[in-house]
Amino acid sequence: MLGFVARRLLYLVPVLIAVSLLTFLIASLLPGDLAYTILGDQATPEKVAALRQEMGLDQPIWVRYFGWLGNILQGDLGRSFRTGQTVLQAVTERLPISLELMVLAQVIALAIGVPLAIICAARSGGPFDRFMTGTAFGMLSVPTFLSAILLIYLFAVELRWLPATGYVPFGEDPAKNLRFMVLPALTLALAEWPGIMRVLRSDMIATLQEDYIALAKAKGLKASRILFVHALKPSSMTLVTITGINIGRLIGGAVIVETVFALPGIGRLLVGAITTRDLIILQGVVLLVGAGFVLINFIVDMLYAMLDPRIRHGHA
């Protein structure tokens, strides 16, 4: 197992380097001059030239990249010229909010998708299965921002059960925190549960046709035991992959959801960096998000190895 983990960690190195290179190039090749953006109305040719030299903007792009990468390896991702806050400070303040949102959304999506998948697989081809399959297909077509607007209109405007915007830290008031987080998390979950349900349903239908399931039925085991013990675990391999991939989708969806619901998370920080052309914050946040997604996929690989020992021994 240690050898398997070591190999996977070694594979992460070129991937993380590629992520850092793409992040730097995308931010560096944007139109405009960062020196002019920082100086604003006070920009003069002399001040621009001096600032460009101070920030190394007059150097070749590959020199700037290696200098930036060296600073990152030392824990320095830069400082916002707009707020004076370091990238790490800005991310540290907002990361718990985004993590809470994504965890709640994933829990809600699994709570909806997994039971529905089990029921549909057990009654494959029936009216309920056809209805839920069609519903899931339709939900995949609904944009996240539209779900957010509809939920705000229903629960905040009409029913007045939940607040539409705002945020209260969990440590300050857990109950209020959850009230503010329900609608954003539900918005993301509505986009995630159809994929979970469809994938798990398909895998469970195939699993329920295996010979050992027929043997379990012949032994007289309860249908619930067959579904949850003998069929669910072998069918969960693809579900683990989908859950890991969904984290990336949740990060993208959080950018929209945090903006709509005015949550001060990573997504809103990223949007603010784009609108104010704060390239230092933009580079740092995109790099950290990309690296986080790579690490999540690494964790998914480890879960795969735990669920199926053949993977870590190279037999599958």
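User: How far apart are the closest N and O atoms in the salt bridge that Glu93 forms with Arg94?
Analyst: Quick ground rules: this is a predicted model, where local features need a pLDDT of at least 70, side-chain atom pairs count only at pLDDT 80 or more, and totals for chains, interfaces and linings use all residues. Numbering runs from 1 along each chain as its sequence is written, and side-chain values use heavy atoms, leaving out hydrogens and water. A salt bridge puts a side-chain nitrogen of Lys or Arg within 4 Å of a carboxyl oxygen of Asp or Glu. For Glu93 and Arg94, the closest N and O atoms are separated by 3.6 Å.

User: Is Arg94 buried, partly exposed or exposed?
Analyst: Buried means under 20% relative accessible area, exposed means over 50%, and partly exposed is in between (1.4 Å probe, protein chains only). Arg94 comes out at 22% relative accessibility, so it counts as partly exposed.

User: What is the relative accessibility of Asp129, the salt-bridge partner of Arg201?
Analyst: Arg201 itself counts as buried, because its relative accessibility is 19%. Asp129 counts as buried too, with a value of 3%.

User: How far apart are the end C-alpha atoms of H6?
Analyst: H6 takes in 13 residues, 127-139. The expected span is 1.5 Å times one less than the number of residues, which gives 18 Å for H6. That agrees with the model, whose end C-alpha atoms are separated by 18 Å.

User: How wide an arc do the buried residues of H6 cover around the axis?
Analyst: An α-helix has 3.6 residues a turn, so residues three or four places apart point the same way. In H6 the buried residues are Asp129, Met132 and Ala136. They sit on the same side of H6, because the arc they cover (taken from the directions from the helix axis to the C-beta atoms) is only 75°.

User: Which helices are included in what covers the buried residues of H6?
Analyst: The other side of H6 has Pro127, Arg130, Phe131 and Phe137 exposed. Over the buried residues, the cover includes helix H5 (87-122) and helix H8 (174-207).

User: Where is Arg160, the residue with a positive phi of about 55°?
Analyst: Most residues other than glycine have a negative phi, and most peptide bonds are trans. Arg160 is not a glycine, yet its phi is positive, about 55°. It counts as exposed because its relative accessibility is 69%. As for location, Arg160 is in the loop between helix H7 (144-158) and H8.

User: What is the relative accessible area of Ala262?
Analyst: Ala262 also has a positive phi, near 55°, without being glycine. This residue is in the loop between helix H11 (236-260) and helix H12 (266-275). Ala262 is partly exposed because its relative accessible area is 23%.

User: Which residue's side chain makes a polar contact with the side chain of Ser20?
Analyst: Ser20 lies in helix H1 (residues 2-28) and counts as buried, given its 4% relative accessibility. A polar contact is a pair of N or O atoms within 3.5 Å; within protein, one must be able to donate a hydrogen and the other to accept it, and residues adjacent in sequence count only if both atoms are side-chain atoms. The Ser20 side chain reaches the backbone oxygen of Ile17 at 2.7 Å. Its side-chain partner, at 2.9 Å, is Tyr65.

User: How long is the polar contact that joins the side chains of Ser80 and Asp278?
Analyst: Ser80 is in the loop between helix H4 (61-73) and H5, and 4% relative accessibility makes this residue buried. Leaving out residues up to four places away in sequence, Ser80 touches Gln85, Asp278, Ile280 and Ile281 (contact means heavy atoms within 4.5 Å). The polar contact between the Ser80 and Asp278 side chains is 2.4 Å.

User: Which element of the protein chain has the lowest mean pLDDT?
Analyst: pLDDT is the predictor's confidence in each residue, from 0 to 100. The chain averages 82, and 92% of the residues score at least 70. H7 has the highest mean, 91, while the lowest, 57, belongs to helix H14.

Technical notes:
Helix = DSSP H or I, 4+ residues; strand = E, 2+ residues; numbered from the N terminus.
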